[in-house]
Amino acid sequence: MATVETPGQQRVVVKEMSWDPITRIVGSLGIHTEIDFTNQQVLRCWSTSMIFRGFDIFMKGIDPRDAHFITSRICGICGDNHCTCSCLNQNMAYSVKPPKLGDYAFNLAESADFMFDHAIYNDCMANVDYSEQMVKETNPGVLARAERTPAPHSDVHGYRTIADIMRALNAFTGDFYLETLQVARYTREMYCLFGGRHTHPSTILPGGCSADITHQTLTDYYVRLMRYVDYCKRSIPMHDDLYDFFYEAMPGYEQVGYRDTDLICWGCFDDPDYVDYDYRNMTDWGRHRYVTPGLVFKGELITTDLVEINLAIRILLGSSYFDDWTNEATFVTRDPLGNEVDKRHPWNKVTLPKPQARDFTDKYSWVASPRMFDRRDGSFVASDTGGGPFARQWVTAKAGLLDIGYLKATGHSLQMVLPKTGFMPQMELEWRIPQWSNAIERQRARSYHQAYAALVGLHCLEKALVEVRAGRTRSWKEFSVPEETISVGFHEAARGVLSHHMVIRDGKIANYQPYPPTPWNANPRDTYGTPGPYEDAVQNSPIFEENGPDTFKGIDVMRAVHSFDPCLPCGVHMYGGGKVRKVVHTPTGMA
């Protein structure tokens, strides 16, 4: 599209561009934008989801012991995370503490899921955006520079130039892409040793794990784990080389996908020596998790207290296809510690769907707008999960509570020691809290979190071996269902925070509200007009793509959205060629 300049004025072209659907397992995601191609900037963004499922509606009235079987069907990728979270929730409801081996089984299964998910998402999904084929189509000048740029860690990962790394990430043909597909296979095997199957586990239960856990089970896990550690030793330096190059090749790229550091992390991987699943003790056992829970506002770690975090959750509406529930009955007024529970807390939320036409000036998504309440000033913060690893590592590093030998939080970084493996010597890594919360740093954190998850798995494996060798092979404990109680399960899916809030009355579920990570990230503008994290990260983001509006692919927009890992993508489609929204003439000096 040609632009015409005359003395004293410039023609500014603003064009609508939409990517809908960006299909994900957690609903169908659409990203709609207005882009100023004259100034190479996204002006506005709307995040939409047009699929409603209603698990929180049909969970009412069922036997709570069925909750984990049903909620694992929420997602075809994160089903195990929902199952685990539901079991943690039920452990609290039934006041049951599994044997140590049962707790370790949960950790071994879920760390294997993280290993799987971060590997395949990084290098078979998100990093395709940084591959040779994609960069050739969107930034040929950058690719030419990559061909001339030596990879600093070529002696570790084996790729001579940055362009060689990009070629290794080409979809379906790149050698690292293809290797990661094999990694995905054996990490799934690791999960199934404890979960029985994936994505809908058959042996992860309230009260523990029903799998037959033997020395052979743990050895089978260990063999695959060491193979994965070898993979991490090459993968992380390779990703560092790639991401650092993008900063150097395109000055200002730190602004792509940038937003304020407003992070949430519920923590995960409970320490069996401390966890008892009692809400009244949740502050203490939450802080002993191998991933520390935390709430971060504007780069400040506000709290690591899971009770305080729980009470700060609010579910707002605004641009969502739901009616408000403030006139409905209140389920919970006080938590087990006597703290007041807000009407907009998940324990009290009632799902009242109201289908209607999509209108970007009013209602345009089936996703509600979860927010964190900042009691210091009474504001509602649109917090994000950093795609999972970014928030988990930021909070754990800053809190400085974790030290399990292989992993240590220093207050400003995470120190990791990858032990000697079959093909590579011991390697020490350090992930430092970065300066920005942006697309590249979310991706980088995901790479380092592969090693983090592997080291948690190794720690728990060694502890589980102690139990088995001592003859303590029981991994499940009986329980009974109370007539009335409230409970919550706090966990992390690969892409971020996951909580299940439950109210039991007359021995049945009266209210059940699951909140996966994608609704925290993909939500629309709330009651106060505050955009959700996707919208915020894309709005005002600069455009570095070399294509003009007629051949625009939106690679910078996609990198921003993909950095949050909105569940595994089935495909990305862009409809139409766009249309001119408006043409504005402004004096050159104000352009």
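Reader: With which residue does Glu189 form a salt bridge?

Author: The model is a predicted one. For a salt bridge, one looks for a side-chain nitrogen of Lys or Arg within 4 Å of a carboxyl oxygen of Asp or Glu. Glu189 forms such a bridge with Arg185, and the closest N and O atoms are 3.2 Å apart. Both residues belong to helix α9 (residues 175-195), where they lie 4 residues apart, about one turn of the helix.

Reader: Which residue forms a salt bridge with Arg495, and where do the two partners lie?

Author: The partner of Arg495 is Asp117, with the closest N and O atoms 2.8 Å apart. This pair links distant parts of the chain: Arg495 is in the loop between β15 (484-493) and β16 (496-505), while Asp117 is in helix α4 (residues 100-124), 378 residues apart. Both Arg495 and Asp117 are buried.

Reader: Where do Arg259 and Asp536 lie, and how far apart are they in the chain?

Author: The side chains of Arg259 and Asp536 meet in a salt bridge with an N to O distance of 2.9 Å. Arg259 is in the loop between α10 (215-249) and β6 (263-265), and Asp536 is in helix α16 (residues 533-538), so that the pair links distant parts of the chain, 277 residues apart. Arg259 is buried, because its relative accessible area is 5%, whereas Asp536, at 28%, is partly exposed. Elsewhere, salt bridges with shared partners join Glu132, Glu147, Asp164 and Arg167 into one network.

Reader: How many salt bridges does the count give?

Author: The count comes to 38 salt bridges.

Reader: Let us turn to helix packing. At what angle do the axes of α10 and α14 cross?

Author: One reads the angle between the axes together with their separation. The axes of α10 and helix α14 (residues 439-469) cross at roughly 160° and come within 9 Å. An angle over 145 degrees counts as roughly antiparallel, so α10 is roughly antiparallel to α14. The crossing of α10 past α14 is left-handed. By class, their contact has 22 nonpolar, 7 polar and 5 charged residues.

Reader: How are α6 and α10 oriented to each other?

Author: Helix α6 (residues 140-148) packs with α10 at an angle of about 120°, the axes being 11 Å apart. The two helices are therefore oblique to each other, and α6 passes α10 in a right-handed crossing.

Reader: For the strands, what is the order in the open sheet of 3 strands?

Author: The order is β9-β10-β11, with antiparallel pairing. The edge strands, β9 (313-316) and β11 (379-381), each pair on one side only. From one strand to the next, the twist averages 45°. β9 pairs with strand β10 (residues 369-374) over 4 bridges, and the bridge partner of Leu316 is Ser369 in β10. In general, side chains in a regular strand alternate between the two faces of the sheet.

Reader: How many residues lie between β7 and β8 in their hairpin?

Author: The hairpin has 2 residues between its strands, and Lys298 in the turn has a positive phi of about 50°. Strands β7 (residues 294-297) and β8 (residues 300-303) run antiparallel and are joined by 3 bridges. Leu295 stands opposite Thr303 in β8.

Terms used: Residues are numbered from 1 along each chain as its sequence is written. This is a predicted model: local features need pLDDT of at least 70, side-chain atom pairs count only at pLDDT 80 or more; totals for chains, interfaces and linings use all residues. Side-chain values use heavy atoms; hydrogens and water are left out. Two strands pair if DSSP finds at least two bridges between them. Buried means under 20% relative accessible area, exposed over 50%, partly exposed in between (1.4 Å probe, protein chains only). Axes are lines fitted to C-alpha atoms, for helices over the stretch in contact, and angles run from 0 to 180 degrees between N-to-C directions. Angles under 35 degrees count as roughly parallel, over 145 as roughly antiparallel, 65 to 115 as roughly perpendicular and the rest as oblique. A crossing is left-handed if the near helix is turned anticlockwise from the far one by less than a right angle, and right-handed if clockwise. Ala, Val, Leu, Ile, Met, Phe, Trp, Tyr, Cys and Pro count as nonpolar, Asp, Glu, Lys and Arg as charged, and the others, Gly among them, as polar.
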